[in-house]
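Biologist: Could you take me through this structure, beginning with how you use your terms?

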Amino acid sequence: MKLIERDLYLEKLKNVIGTPDIKVITGVRRSGKSKLLEAFKSYVVANIPGANIVHINFNLEKYEALKDYHALNAYIEEAYSEGKENFVLIDEVQLCPKFELTINNLHAQEKYDIYLTGSNAFLLSSDLATLFTGRTFEIKVYPFSFKEYLEYFEYGNVYDAFDGYIKEGGMAGSYLYRDIEAKYDYIKDVFDTLIVRDIRQKYKIRNPALMDRIADFLMDNVSNLTSTRNISDTLAAGDDKINHKTVSSYLQYLCNAFAFYRIRRYDIQGKKYLLSNDKYYLSDHSFRYAKLGTKNLDYGRVMENIVAIELLRRGYEVYVGVLYKKEIDFVAIKRNEKIYIQVSDNISDGRTFEREVTPLLRIKDAYPKMIIARTRHEKYDYEGVTIIDIADWLKG
């Protein structure tokens, strides 16, 4: 498979070399965590003379004997080299039961630089502080961005490239297949494996059919406001009742495994977060086509999904904006920076353009405002609102 440099993530790893943190690479299954760790290893070999690297990949049979945490600890300590920078890189660390005992012991000795990847449901952002006694630094890896897709396929025309990306998505493993249906078969298998092997295994799911139905509901309702209650009411068949608490738990599990990202609502005028109704976006939009089919491509909602994930990839906190009962698709915040964004498939129609631009013009503060759409033109300004083609915005 063709490899490209994933500089966004590699730079984050380079910048924390030598810090006392336990570095943990997280992200949805098949998003490239293992390849990133390999790329980081290559960087260390090339740039840190004499570095001692202990690299263990629990996917490989030759490390089977180390799936006992005592054996793992002994192996790493035996490989320690005095007077050198000692790097410990462990792939799929969760395959070693009680791995955290080994990691905490190594970390306490203050002589190892530790880097981990693991299966998403077993190495959760929310669990890191509980698992490890030392400070952790999380590198969140997402499927291929449009910019990476451009680099991989070496497209000359960005607009043609986006036509491909919106259908194929960012699951790079699917790029090896030429036929679109074969690509979707691969992507569907990744999603189903994610649920079966990770979520069901970790949480001992009692009703797997309900889990599947909730996942399908969220995919079908990408960019729609959603609550536990309306999911329960929609999925309830006949006189059967679906427990709201069960639905809420399953939603959390899907988000824990990075299958979906929950985006909360934010009252722009009142400057407060709203508790009711959230939006859920897929970690990669291709899962929707692979699971539900392509009869209804619904480009507008899929584009909104693409923009949501790109904002998260760029490090923004992302919210759905509410102003005078009107919705702003995204309020993106990073430290002192704030951007208001509307997303639309087509704004060539005057009424559609008015619908998208009016809520932005009502916002009274001076932060940037933007409409992202498929214009296939250079960006321009309308009364202080930037209008930009989605392909141009995505490529940065």
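Modeller: Buried means under 20% relative accessible area, exposed over 50%, and partly exposed in between, with a 1.4 Å probe and protein chains only. This is a predicted model, in which local features need pLDDT of at least 70 and side-chain atom pairs count only at pLDDT 80 or more, while totals for chains, interfaces and linings use all residues. Residues are numbered from 1 along each chain as its sequence is written, and side-chain values use heavy atoms, leaving out hydrogens and water.

Biologist: Is glutamate 383 buried or exposed?

Modeller: Glutamate 383 is exposed, with a relative accessible area of 58%. Its place is in the loop between strand E12 (380-382) and E13. Helices (H or I, at least four residues) and strands (E, at least two) are DSSP runs, numbered from the N terminus. Although glutamate 383 is not a glycine, it has a positive phi of about 50°.

Biologist: And what is the phi of arginine 335?

Modeller: Arginine 335 has a phi near 55°, a positive value in a residue other than glycine. This arginine is found in the loop between strand E9 (326-334) and strand E10 (337-344), and arginine 335 is exposed, with a relative accessible area of 75%.

Biologist: Now to the helices. Why is H7 described as largely enclosed?

Modeller: Helix H7 (residues 158-168) is largely enclosed by the rest of the structure because 8 of its 11 residues are buried. Among them are Tyr159, Phe162 and Ile166.

Biologist: What covers the buried residues of H7?

Modeller: The cover, judged by contact (heavy atoms within 4.5 Å), includes helix H6 (146-153), helix H8 (180-203), helix H12 (286-292) and strand E13 (385-389).

Biologist: At what angle do H6 and H7 pack?

Modeller: The angle is about 110°, with the axes 10 Å apart. Axes are lines fitted to C-alpha atoms, for helices over the stretch in contact, and angles run from 0 to 180 degrees between N-to-C directions. H6 and H7 are therefore roughly perpendicular to each other; that term covers 65 to 115 degrees, whereas angles under 35 count as roughly parallel, over 145 as roughly antiparallel and the rest as oblique. Phe146, Tyr149, Leu150 and Phe153 are the H6 residues that meet H7.

Biologist: What happens at the ends of H7?

Modeller: At the start, a side-chain oxygen of asparagine 157 reaches to within 2.8 Å of the backbone nitrogen of tyrosine 159. Such a polar contact is a pair of N or O atoms within 3.5 Å; within protein, one must be able to donate a hydrogen and the other to accept it, and residues adjacent in sequence count only if both atoms are side-chain atoms. Just after H7, glycine 169 takes a positive phi of about 75°.

Biologist: What of H8?

Modeller: At the start of H8, a side-chain oxygen of aspartate 179 reaches to within 3.0 Å of the backbone nitrogen of glutamate 181. Just after H8, lysine 204 takes a positive phi of about 50°.

Biologist: A change of topic: is lysine 369 buried or exposed?

Modeller: Lysine 369 is buried, with a relative accessible area of 10%, and has its place in strand E11 (residues 369-373). A polar atom of the lysine 369 side chain lies 2.8 Å from the backbone oxygen of aspartate 365.

Biologist: Which residues does lysine 369 touch?

Modeller: Not counting residues up to four places away in sequence, lysine 369 touches Tyr340, Leu360, Ile363, Gly384, Val385 and Thr386.
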